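Student: I would like to learn how to read the place where two chains meet. Where should I start?

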Amino acid sequence: MSQTLTSSSQAVRTPAPARSPADRIAQWIPKLVLSPTLVIVVVFFYGFIFWTGLLSFTNSRMLPSYGLVGWDNYVRLFNNERWLVALGNLGIYAFLFIVICLVLGLLLAILLDQKIRAEGALRTIYLYPMALSFIVTGTVWKWMLNPQVGLEQFVQSLGWESFQFDWLVNPDFSIYTVVIAAVWQSSGFVMALFLAGLRGVDDSIIKAAQIDGASRFTIYTRIIIPSLRPVFFSAFIMLAHIAIKSFDLALALTGGGPGISSDLPAIFMYQLSFTRNQMGIGAASAMIMLLTVIAILVPYLYSELRVKKHD
Amino acid sequence: MASLNIENVEKSFDQTHILKGINMDIRDGEFIILVGPSGCGKSTLMNCIAGLEDVTSGSISIANQDITSVLPKNRDIAMVFQSYALYPNMNVRKNISFGLEIRKLPKDVIANEVDRVAKLLQIEHLLDRKPGQLSGGQRQRVAMGRALARQPKIYLFDEPLSNLDAKLRVEMRTEIKKLHQRLGTTIVYVTHDQIEAMTLADRIAVMKDGHIQQFGSPQEVYDNPANRFVAGFMGSPSMNFIEVLVVQKQDRACIELAIDGITHYLPTPDQEQRVRQMVGQTVILGIRPEQITHVIPHYDDNPGIARVDATVEVIEPTGADTLVLVRMNGQEVNCRVDPYEARQPGQVMTLMLNMGKAVFFDVDSGERI
């Protein structure tokens, strides 16, 4: 016992070896590597968000100026007819885009999950639109939907002279063409999400349900689709923020027109800030969009973090 | 409750033959275990009984009704899966009642049935939880509860205990056995664990390569294995196999066993008639470790008992017994001896060999002689 004590006290007395310079550098490397990213994030994300927020309370026109005007810009924003149209359009667009993408994506995923041939090839085809930028999608659909050169003209040339599909130039329907193009672009991605979810369902659960007497339809509606709830949630979050940010697609497809009939908040924000010399109102509209995204993201992050803690 | 008859069932996927002609007659209320190494076709056979896979040829009938082409839901069977296969989005109550709801039973009947099953398996306090909130053992109970709820003709268990830890596995094993004794329903149970097979079964079907190697009571399979594979698969530590020469000594057929340079001649047991006609040939002697023990004096008078001296090579204490490794005819042999009688490696120990329980196999085919 006494021997053990002696030896352990000896061990304590041994001084810790001095740190070599190389060790010290090795300790600093992670911090050094990460710091540029941190600076960029702080300055260009949070810094500019803060600056935009500040500008939304100033009388900035073409260039930033710092005469504080209180909530003036927000009041003028919500009295602006065009902003209200843009908000209304966003409501229609976001709702239809998200719902159709989810339904179509789920349907495609379920059909692809039936152990069919050439599934890999089909999956790639459905995913391809995702590889295009929204500008390209917008331009292509602009041609296809153009009554003079696109679908309408094509069907009429086949002999169906009275065929009409002029949504692109019809102020009542132009926003729906944006929905069509956006769905075309994003539903393949949603399908991939759902397909991954479906593949994660334990095969024996389906067998158990078969033995329990459930039909294929019941198995999907009562067991498989409900168990995909996390996938629904992730897909919804991604689609929602794509919808709120939507700018390039609508700009390339309709340019917000005819008139302001397919205007979206992002187009409104861009045009007021940079072409109409109304930077204050533009900044206010940007803040409203940011708050909308935050309103969707915060519950999502909250639930994600809570799940992690639960594990 | 029903009998189950499997006639000449074959199953192949493209060119791969999984089941090569399975015949089984299972009586009403029997507990049948399908056991075998992985890839032997036992799970496929189970899926064929359940109707989750079609048979390529042959027929299956439950209670004398041919159900070969009947859908799983109309076969009146219930199945417990290795992964439990609980519906993750439903709570325990819903999991148990799902099959009853699908069959459109009245609400009060369903509620009574759920209560009955929950009480039977002692999971009443879990009824409102989701599967994700349960431990492995609790999920196992719920999975069994779901199977019990419909009171089907036949229960199928597909390796139900292999995802549990060792202690829980033993507990659940006992509970399954109690459950069977109480309910008396026909059970077909797949496992790769030969101890589970021995403890639970009324009859064991040992499978390999798509064939049933032997179908009999646990003791029959253990004492009278049909071939070398069955003998080696059942029992732990497994049976010793020693190549020996059959010789004629003093009007008896004996086997020649060289231990530490001394040749012993041990008599073949009376019941092994056929090996006596093989004098001059080499055969495989199969003898279980517990038939080679330390010296127990009052066994000396039993027929077929012989004492031999052997040098201990390795000892493996297990607590209850110590396994001693010695060499006979140049081959390693495990002996199960009392821990206090075991010698250290390198020392010579006197062992008692009980030839009365020895069995013999053909060198080439591995079939029983």
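Tutor: Start with one term: a polar contact is a pair of N or O atoms within 3.5 Å, and within protein one must be able to donate a hydrogen and the other to accept it. Keep in mind that this is a predicted model.

Student: How many residue pairs are in polar contact across the interface of chain B and chain A?

Tutor: Seven residue pairs are found there, with both residues at pLDDT 80 or more. On the chain B side, the elements giving two or more residues are α1 (42–50), β6 (77–80) and α2 (92–102). Of these, α2(B) provides the largest share, five residues. By type, the chain B side divides into 14 nonpolar, four polar and six charged residues.

Student: What area do chain B and chain A bury between them?

Tutor: About 1,700 Å², with 63% of it on carbon and sulfur atoms. Three residues, Tyr87(B), Asn89(B) and Phe98(B), supply 27% of the area that chain B buries against chain A, more than any other three. As for contacts, 24 residues of chain B touch 16 residues of chain A.

Student: How many salt bridges are there between chain B and chain A?

Tutor: For a salt bridge, a side-chain nitrogen of Lys or Arg must be within 4 Å of a carboxyl oxygen of Asp or Glu. The count between these two chains is two. In one of them, Arg150(B) pairs with Asp212(A), at 3.7 Å from N to O.

Student: Is α2(B) mostly covered or mostly open, and what lies over its buried residues?

Tutor: Mostly covered: eight of its 11 residues are buried. Among them are Val92(B), Asn95(B), Ile96(B) and Phe98(B). The cover comes from both chains, including α9 (203–212) and α10 (216–227) of chain A, and α3 (107–121) and α4 of chain B.

Student: Which residue with a positive phi follows α2(B)?

Tutor: Lys104(B), with a phi near 60°.

How values were computed: Residues numbered from 1 in each chain as written. Chains lettered and ligands numbered in written order. Predicted model: local features only at pLDDT ≥ 70, side-chain atom pairs only at ≥ 80, totals over all residues. Heavy atoms only, no water. Contact = heavy atoms within 4.5 Å. Buried area = accessible area lost by both parts, 1.4 Å probe. Polar contact = N/O pair within 3.5 Å; in protein donor to acceptor, adjacent residues only side chain to side chain. Helix = DSSP H or I, 4+ residues; strand = E, 2+ residues; numbered from the N terminus. Nonpolar A, V, L, I, M, F, W, Y, C, P; charged D, E, K, R; others polar. Buried < 20%, exposed > 50% of the residue type's maximum accessible area, 1.4 Å probe, protein only.
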